[in-house]
Amino acid sequence: MKKTITLVFLLVSITLFSQKIKLKKYSHTEFFQLIAAEKDSVFQLQDAFIYYDKKKDTTFTYEIVNDQYRFKPKDTIYIDKQLELVNIHFEHNKDEIGQPIAFQNIVFNKDVIIADITSVLFFNCVFKGVLEIDTSVLGNDQINELEAKYLDYDPDIGFYNTTFYSDVVLDIGSIENFSSISFSMFFSTFNSSNKRNEIEIYTNNIAETHFDHGEFIGNGFLGLGLDTSMFNSIFGNNFGDFRVDFRKASFNSSNTYLVEENTFNKDLLLIIDEFSISNTYRWSQWENK
């Protein structure tokens with residue numbers, strides 16, 4: 001059964017879209033200073049935009065050279081508090097034209113719960129607690145406003161070379177409204193060696209979904225659902241001994257689905273509403289499943 005974000009966060013989420021909210025502004029450096037200054041074991045923040053300060057936030061920038069990511073040497077940041085964020089957006093992007101910005105080399109030792117987010121990128125990060133993200137996107141008005149106001153903001157949610165040690169629940173987009181968000185999961189590791197983790201990732205009605213080159217360790221469960229996104233790729237993953245449920249629901253023949261070169265050791269549940277000539281499924285990857 002699909003998990004849901006904590007009830008209080010859902011109630012807050014509904015309230016947010018019923019009225020115009022003015023976002024507080026913090027630089028990336030100030031954002032981490034707020035976390036460090038919190039006396040409680042739980043850090044909560046609501047209604048804020050975390051912008052890129054060219055003087056203070058240079059350690060959060062990186063370069064893209066010949067399609068390769070290059071980062072400045074920096075110490076690892078350890079977050080020992082649970083994070084609960086609502087309607088928080090980060091000036092992150094993976095654009096070669098602008099200034100690429102992302103979280104890098106951060107270890108989250110406790111749970112991270114995020115609701116109503118449109119942009120955040122993680123590179124070389126570690127999540128030791130539960131991770132829950134729900135975008136609850138109702139149209140593109142807020143995304144368009146942020147793109148017009150902040151040069152280095154893009155509606156991207158992504159994880160690159162990131163390791164997960166506990167349950168993950170990601171719900172990106174909504175069936176009712178198209179969102180220009182792009183979701184990426186590249187070269188990341190899901191480690192279920194110590195307990196049976198449940199990984200549930202759903203993308204709905206967004207620009208694109210990339211779930212590529214993942215490594216799954218131990219015995220766990222992966223629920224992966226794609227619905228009416230414009231482009232979808234599930235490529236080169238080693239699902240190992242995870243039980244995998246893959247659901248594709250789409251009635252738009254213009255959508256492209258690329259599902260190939262994946263490795264499955266255990267049972268696979270495959271539910272596909274319909275096929276089209278723009279979809280590619282390499283059936284050999286499911287041999288004897």
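**Cavities and fold of a predicted model**

Eleven residues line the second largest cavity, and Ile 234, Phe 239, Val 244, Phe 246 and Phe 264 are the ones nearest its centre. This is a predicted model, in which local features need pLDDT of at least 70 and side-chain atom pairs count only at pLDDT 80 or more, while totals for chains, interfaces and linings use all residues. Residues are numbered from 1 along each chain as its sequence is written, and side-chain values use heavy atoms, without hydrogens and water.

**Cavities**

- A cavity is a set of points, on a 1 Å grid over the protein atoms alone, where a 1.4 Å probe fits but cannot get out; lining residues have an atom within 4 Å of a point.
- Grid points are joined across faces, edges and corners, and a volume is the space filled by probe spheres set on the points.
- The model has three cavities of 30 Å³ or more.
- The largest cavity holds about 90 Å³; its lining has 14 residues, with Phe 31, Leu 83, Phe 103, Phe 108 and Phe 122 closest to the centre.
- Two or more lining residues of the largest cavity come from each of α2 (28-37), β6 (82-90), β8 (106-108), β9 (112-115) and β10 (120-123).
- The lining of the largest cavity has 14 nonpolar residues, no polar and no charged ones; Ala, Val, Leu, Ile, Met, Phe, Trp, Tyr, Cys and Pro count as nonpolar, Asp, Glu, Lys and Arg as charged, and the others, Gly among them, as polar.
- The second largest cavity holds about 50 Å³, and β23 (243-249) and β25 (268-272) each give at least two residues to its lining.
- In the lining of the second largest cavity, 10 residues are nonpolar, one is polar and none is charged.

**Asn 232**

- Asn 232 belongs to strand β22 (residues 231-235).
- Asn 232 counts as buried (under 20% relative accessible area, with a 1.4 Å probe and protein chains only) because its relative accessibility is 0%.
- Beyond four places in sequence, Asn 232 is in contact (heavy atoms within 4.5 Å) with Thr 203, Thr 209, Leu 226, Thr 256, Tyr 257 and Leu 258.

**Chain and confidence**

- Three helices and 26 strands make up the chain's list of elements; these are DSSP runs, helices being H or I of at least four residues and strands E of at least two, numbered from the N terminus.
- Of the chain's 289 residues, 54% are buried.
- Mean pLDDT, the predictor's confidence in each residue from 0 to 100, is 85 for the chain, with 81% of residues at 70 or more.
- Residues 1-18 stay under 50 in pLDDT.

Definitions and conventions. 1 Å grid on protein atoms, 1.4 Å probe; cavity = no way out; pocket = protein on both sides within 12 Å on 5 of 7 lines; lining within 4 Å. Buried < 20%, exposed > 50% of the residue type's maximum accessible area, 1.4 Å probe, protein only.
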